[in-house]
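The sequence and model come first.

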Amino acid sequence: MFILANQPSIANQFIAEMRDIRVQQDRMRFRENLKRLGSILAYEISKSFPYEEKEISSPLASSNTLLPSSQPVLIAVLRASLPFYNGFLSVFDQSESGFIGAFRKENTSDEIQINLGYHASPSLDRKIVILADPMLATGKSFLASIEKLLEHGTPSKIHIAAAFAAPEGIQYLQDHLKIPHQFWIGVVDEKLNAQSYIVPGLGDAGDLAFGPKL
């Protein structure tokens, strides 16, 4: 598991600004910081890809360099992940993309239920997939999204990318995911509260990026 905040870098400033209730008033800055984290995590994930040597011709001479053997498929979980996903897309700019709507059902039950709405995806069979969602809380929306995406083929590996995560959500996915996967996290927070929100977290990432929903 890769945790970005475990090492000193400018990413910690972006994470701090996203948490800060004073800075959160600026939606453009929130979205930009989420995009920045996506770009940084995309760079880190790229180090794990298979590479092959290719010859590149410049105006003066030829040189050999290692290039990715293929581009990953990027999956965005609507709506909060759009800025985060754009960070990945700015790095993997030739990637195919898929989109899935997954959100918690509001009810009085203690059991978290996930509603899956719109989804569209290219073939995922034997491809590297990056599933990007800024908040990994209970892990149930991630699991439901992955199970739905498997209708489009079985990936060679799924990279689970989140800006903020709770230990409970990570453990839930480790216990239930049966396909090869790896976690790429901005920061792992302390816990989930009684309402299954990440603590200290930052609030609702979708609302902070795009405004409150009805």
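E17 is buried, at 12% relative accessible area, where buried means under 20%, exposed over 50% and partly exposed in between, with a 1.4 Å probe and protein chains only. The model is predicted: local features need pLDDT of at least 70, side-chain atom pairs count only at pLDDT 80 or more, and totals for chains, interfaces and linings use all residues. Residues are numbered from 1 along each chain as its sequence is written, and side-chain values use heavy atoms, with hydrogens and water left out.

The side chain of E17 forms a salt bridge with that of R29; the term requires a side-chain nitrogen of Lys or Arg within 4 Å of a carboxyl oxygen of Asp or Glu. R29 is partly exposed, with 37% relative accessibility. E17 belongs to helix 1 and R29 to helix 2, 12 residues apart, so the pair links distant parts of the chain. Helices (H or I, at least four residues) and strands (E, at least two) are DSSP runs, numbered from the N terminus.

Over the whole structure, the search finds 11 salt bridges. Among them are these pairs:

| Pair | N to O distance |
|---|---|
| E17 and R29 | 2.7 Å |
| E52 and K54 | 3.5 Å |
| E96 and K127 | 2.9 Å |

E52 is partly exposed at 34% relative accessibility, and K54 is partly exposed at 37%. E96 has a relative accessible area of 40% and is partly exposed; K127, at 26%, is also partly exposed. E96 sits in the loop between helix 3 and strand 5 (97-104), and K127 in the loop between strand 6 (114-120) and strand 7, so their pair ties together parts 31 residues apart in sequence. A network of salt bridges links R79, D204, D207 and K213.

The largest nonpolar core has 37 residues. Such a core is a set of buried Ala, Val, Leu, Ile, Met, Phe, Trp, Tyr and Cys residues joined through side-chain atoms within 4.5 Å. Residues with the most contacts inside this core include F30, F84, I130 and L202. Elements that give two or more residues to the core include helix 1 (11-19), helix 2 (27-46), strand 9 (157-165) and helix 6 (205-210). Helix 2 gives the most, with six residues.

Not counting residues up to four places away in sequence, F30 touches M18, L202, A205, L208 and A209, a contact being heavy atoms within 4.5 Å. Another core lies apart from the largest one and has 23 residues, among them V77, L136, L143 and I146.
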